[in-house]
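Visitor: I have a protein model here and some terms I want to understand. Can you take me through them?

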Amino acid sequence: MEVAALSLLLLLNCLDSGSARVSLTVSPKRSQFFKYDRFSVSCEEEEQREEEEAGWRVMKRTEDGEVRPCPSSCFITAAFPATDSGEYWCETGPGATSNTVNITVTAGSVILESPVLPVMEGDNVTLSCRTKTASFNLPAGFYKDGLLIRISSTGNMTIHSVSKADEGLYKCEVSGAGGSPDSWLTVRAPPTGRDPPPPPPPPSSTMLSVVRHLVVGTPYLLATILLGLIYRDRARGENSTKETQFLSVRISLSLRT
């Protein structure tokens with residue numbers, strides 16, 4: 001009984017540690033590919049251990065529901081929609097699994113380049129619309145959950161400081177070339193110890209700061225203006241008195257002569 005309990009504990013520890021160490025990676029790092037494109041899917045361990053590397057393999061579930069294993073990595077030299085589109089994940093013999101990714105291979109002329117793995121809240125995310133004939137500077141419309149959200153003259157759209165509200169299905173369309181398949185953008189909270197960048201101050205805070213400076217500075221400005229007016233009036237009065245005295249002296253001298 002004690003041996004069985006110890007074996008079960010070791011097995012659970014193995015499953016927990018394995019699932020935490022291994023993640024699925026896709027190269028190139030995107031979720032959509034054209035027909036006949038090449039890409040690879042592999043299992044990446046945070047701590048490489050020779051005895052565990054052979055146990056991990058890539059699994060994929062195609063659109064028709066069939067589950068197929070790959071070797072230690074899937075290297076697709078000529079992708080096909082029916083056989084290479086689907087869900088991919090890493091798996092070990094005991095049953096531990098990694099994160100999953102969804103890959104779409106299209107026979108169409110347009111794809112959306114979007115992150116294949118979840119993005120963290122606070123990050124900037126760029127989506128790009130590509131065609132088979134041109135990769136850059138294509139006017140494109142971007143859609144989220146079926147609604148047009150932006151038109152870009154360059155074919156790129158950046159979501160600044162992404163949040164959970166930005167999670168959803170995205171696609172793009174290029175005039176004359178068609179539209180891309182949908183891709184789901186997943187947004188997750190940052191890991192412990194990493195806080196998202198603080199949001200920019202709201203306009204109300206900026207206006208409050210301006211008003212505060214005006215309130216503090218206005219009395220000094222008014223006092224300076226008032227002192228200047230008093231000095232000017234005093235100077236004028238002194239000049240007027242001097243002119244009056246000068247005229248009186250001239251008149252006195254004229255009368256004497």
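Guide: Start with one term: a salt bridge is a side-chain nitrogen of Lys or Arg within 4 Å of a carboxyl oxygen of Asp or Glu. The structure, a predicted model, holds eight of them.

Visitor: What makes K60 and D84 a salt bridge?

Guide: Their side chains meet at 3.1 Å, N to O. The cut-off is 4 Å, so the pair qualifies. K60 lies in strand 4 (residues 57-62) and D84 in helix 3 (residues 81-84), so the bridge ties together parts 24 residues apart in sequence. Both K60 and D84 are buried.

Visitor: Why is the pair of R130 and E113 called a salt bridge?

Guide: N and O are 3.0 Å apart there. R130 is in strand 11 (residues 125-131), E113 in strand 9 (residues 110-113), so parts 17 residues apart in sequence are tied together.

Visitor: Are R130 and E113 buried or partly exposed?

Guide: R130 has a relative accessible area of 18%. Buried means under 20%, so R130 is buried. E113 comes to 23%. That falls between 20% and 50%, so E113 is partly exposed. Salt bridges that share partners also join R30, D37, E113 and R130 into one network.

Visitor: How do you know that K164 forms a salt bridge with E167?

Guide: Their closest N and O atoms are 3.3 Å apart. The limit is 4 Å, so the pair counts. K164 has a relative accessible area of 46%, which makes K164 partly exposed.

Visitor: Now the cysteines. Why is the link of C43 and C90 called a disulfide?

Guide: The S to S distance is 2.1 Å. The cut-off is 2.5 Å, so the pair is a disulfide. The angle about the S-S bond is -115°, and the link is left-handed. This pair links distant parts of the chain: C43 sits in strand 3 (residues 39-45) and C90 in strand 7 (residues 86-91), 47 residues apart. C90 has a relative accessible area of 0%, so C90 is buried.

Visitor: How many disulfides does the structure hold?

Guide: Two. The other pair to look at is C129 and C172, with S to S at 2.0 Å. That is within 2.5 Å, so this pair qualifies. Here the angle is 85° about the S-S bond, and the link is right-handed. C129 lies in strand 11 and C172 in strand 15 (residues 168-174), so parts 43 residues apart in sequence are tied together.

Visitor: What makes C129 and C172 buried?

Guide: C129 has a relative accessible area of 2%. C172 has 0%. Both values are under 20%, so both residues are buried.

Visitor: On to the rings. How many aromatic pairs are there?

Guide: The count is two. In one, the rings of F33 and F39 have centres 4.4 Å apart and planes at 15°. Planes under 30 degrees apart count as stacked, so this pair is stacked. F33 and F39 are buried.

Visitor: Why is the pair of Y36 and F80 called edge-to-face?

Guide: Its planes are 85° apart, with 5.4 Å centre to centre. Y36 has 52% relative accessibility, so Y36 is exposed. F80 has 35%, so F80 is partly exposed.

Key: Residues are numbered from 1 along each chain as its sequence is written. This is a predicted model: local features need pLDDT of at least 70, side-chain atom pairs count only at pLDDT 80 or more; totals for chains, interfaces and linings use all residues. Side-chain values use heavy atoms; hydrogens and water are left out. Helices (H or I, at least four residues) and strands (E, at least two) are DSSP runs, numbered from the N terminus. Buried means under 20% relative accessible area, exposed over 50%, partly exposed in between (1.4 Å probe, protein chains only). Rings of Phe, Tyr and Trp (its six-membered ring) pair if their centres lie within 6.5 Å; planes under 30 degrees apart count as stacked, over 60 as edge-to-face and the rest as tilted.
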